[in-house]
Amino acid sequence: MNTWRNASLAVTAAAVLALTTACGQDQGTETPNGQAVGAANPAQPGSGGYGADAGYGSDAGGEAAAAKPAGQLAVWESKDLGKVVTDSAGFTLYRFDKDTAKPPKSNCEGDCAKAWPVVAAGGATAAPGVDPSLIGEVTRADGTKQLTIGGWPMYRYAKDTKAGDVNGQGVGGTWYASAPDGKKAAPGGGAEDGGAEGGGAEGGEAADLAGLSVRNDPKLGEIVVDKNGMTVYRFMKDSAWPMKTACTGDCLEKWPVVEPVDKNDTVGILKKGFVTFDRPDGIKQQTIDCWPIYTFSGDAKPGDTNGQGVGGTWYAVSPEGKPVGAPK
């Protein structure tokens with residue numbers, strides 16, 4: 001019996017040692033804010049760790065607004081986005097990449113629906129010159145009917161305060177103004193598709209990128225980008241061993257997690273510590289060298305690095321998982 005127990009303990013210890021080695025046992029030089037690794041406290045909304053503005057519903061009211069009908073849809077020609085569909089009051093309608101069109105399904109509930117009020121299905125009329133058969137509806141989890149265009153559920157954005165605003169464009173790398181056919185609005189008269197239906201990257205320039213790869217930024221040097229070409233970031237209040245996250249709640253709306261990526265779907269990325277982090281909130285997150293990685297909702301297009309240095313705690317990631325430009 002003792003022999004069996006000793007062998008079992010030895011196997012367990014070896015597994016822990018292997019994970020320790022994989023997950024950056026040498027992280028002592030990168031302890032966030034001078035704390036021992038693992039001692040970081042969760043950021044509080046408005047604490048400055050990720051900015052006082054959560055960027056996703058924090059100022060959209062305490063409850064999701066009642067769904068309002070769109071009425072007579074219209075189309076306006078945007079210099080930057082091409083043809084964009086609006087409601088009868090001129091407010092931009094958006095689509096969410098994490099929804100699906102075939103079959104139509106909304107994955108925006110709770111706090112999400114506070115920032116992105118759903119568009120009610122009743123009374124909507126296709127824009128002049130647009131195929132009426134593209135207009136439809138989907139039944140949400142709460143039983144309400146939501147407008148769909150080309151199968152994609154439609155939303156407004158709480159931070160659009162007047163007709164013609166497109167402040168929701170590119171938020172989180174998942175929200176885009178809708179074209180008249182429900183695809184992502186794009187310049188040149190066409191429209192890019194994507195999201196859960198399986199289309200290409202916005203604008204086409206990142207269509208052939210691996211799940212994670214390396215881009216040579218003129219200011220930052222080699223940094224990691226996701227499959228859409230969007231810059232990947234690290235949060236200095238996180239830790240790698242033990243893997244812990246200090247970005248929760250509203251923080252995640254401004255800094256969406258990078259979802260798990262297959263090792264074989266990477267180019268130039270360190271494979272040591274390339275593991276999936278099972279977060280306490282149930283979300284699975286990719287890590288590099290065991291550091292959780294994120295994108296930034298303030299980056300609207302590939303090549304943007306607007307998250308660099310935010311709050312003195314967010315930095316682009318090197319191929320080795322290091323925070324580029326972070327203070328020593």
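In what order do the three strands of the open sheet stand, and is the pairing parallel or antiparallel? I looked this up before anything else. The order is S19-S20-S21, and the pairing is antiparallel. Strand S19 (276-278) and strand S21 (291-292) each have a single partner strand and stand at the edges, so one side of each has no neighbour in the sheet. I then checked how S20 is joined to S21. Strand S20 covers residues 284-288, and two bridges join it to S21, with the strands running antiparallel. Across from Thr 287 I find Pro 292 in S21.

**Confidence**

The protein averages 79, and 74% of its residues reach 70 or more.

Over residues 24-62 pLDDT stays under 50, and the model has 75 contacts beyond four places in sequence for them. Residues 195-207 also stay under 50, and for these the model has 32 such contacts beyond four places in sequence. Where pLDDT is low, the predicted coordinates should not be read in detail. I am leaving the contacts of both stretches alone.

**Disulfides**

How many disulfides are there? I get two. One joins Cys 108 to Cys 112, with S to S at 1.9 Å. The torsion about that S-S bond of Cys 108 and Cys 112 is about -110°, so I logged the disulfide as left-handed. Cys 108 and Cys 112 are both buried.

The other joins Cys 247 to Cys 251, with S to S at 2.0 Å. What is the handedness of the disulfide of Cys 247 and Cys 251? The torsion about its S-S bond is about -105°, so this disulfide is left-handed. Cys 247 and Cys 251 are both buried as well.

**Salt bridges**

I count 13 salt bridges in the structure, and I looked at a few of them. Side chains of opposite charge can pair when their charged atoms come close.

Arg 156 and Asp 87 meet through their side chains at 2.8 Å, N to O. Where in the chain do Arg 156 and Asp 87 sit? Arg 156 is in the loop between strand S10 (152-153) and strand S11 (175-177), whereas Asp 87 is in the loop between strand S3 (82-86) and strand S4 (94-96). The pair is 69 residues apart and links distant parts of the chain. I checked burial too. Arg 156 has 13% relative accessibility, so it counts as buried. Asp 87 has 5%, so it counts as buried too.

Arg 95 and Asp 97 form a salt bridge at 3.3 Å, N to O. Arg 95 is buried, and Asp 97 is buried too.

The side chain of Lys 284 meets that of Asp 278 in a salt bridge at 2.6 Å, N to O. Lys 284 has 45% relative accessibility, so it counts as partly exposed.

**Two single residues**

Thr 174 came up next. I find Thr 174 in the loop between S10 and S11. Is Thr 174 buried or exposed? At 14% relative accessibility, Thr 174 counts as buried. Leaving out residues up to four places away in sequence, Thr 174 touches Arg 95, Phe 96, Asp 97 and Lys 98. Arg 95 and Asp 97 are the pair I noted above with the 3.3 Å salt bridge.

Last entry is Ile 135, in strand S8 (residues 135-139). Its relative accessible area is 24%, so Ile 135 is partly exposed; the cut-off for buried is under 20%. What does Ile 135 contact, leaving aside neighbours within four places in sequence? My list reads Leu 73, Ala 124, Ala 126, Leu 147, Thr 148 and Ile 149. For Ala 124 I also noted the C-alpha separation from Ile 135, which is 7.8 Å, with the two eleven residues apart along the chain.

How values were computed. Residues numbered from 1 in each chain as written. Predicted model: local features only at pLDDT ≥ 70, side-chain atom pairs only at ≥ 80, totals over all residues. Heavy atoms only, no water. Disulfide = S-S within 2.5 Å. Buried < 20%, exposed > 50% of the residue type's maximum accessible area, 1.4 Å probe, protein only. Pairing = 2+ DSSP bridges. Helix = DSSP H or I, 4+ residues; strand = E, 2+ residues; numbered from the N terminus. pLDDT = per-residue confidence, 0-100. Contact = heavy atoms within 4.5 Å. Salt bridge = Lys/Arg side-chain N within 4 Å of Asp/Glu carboxyl O.
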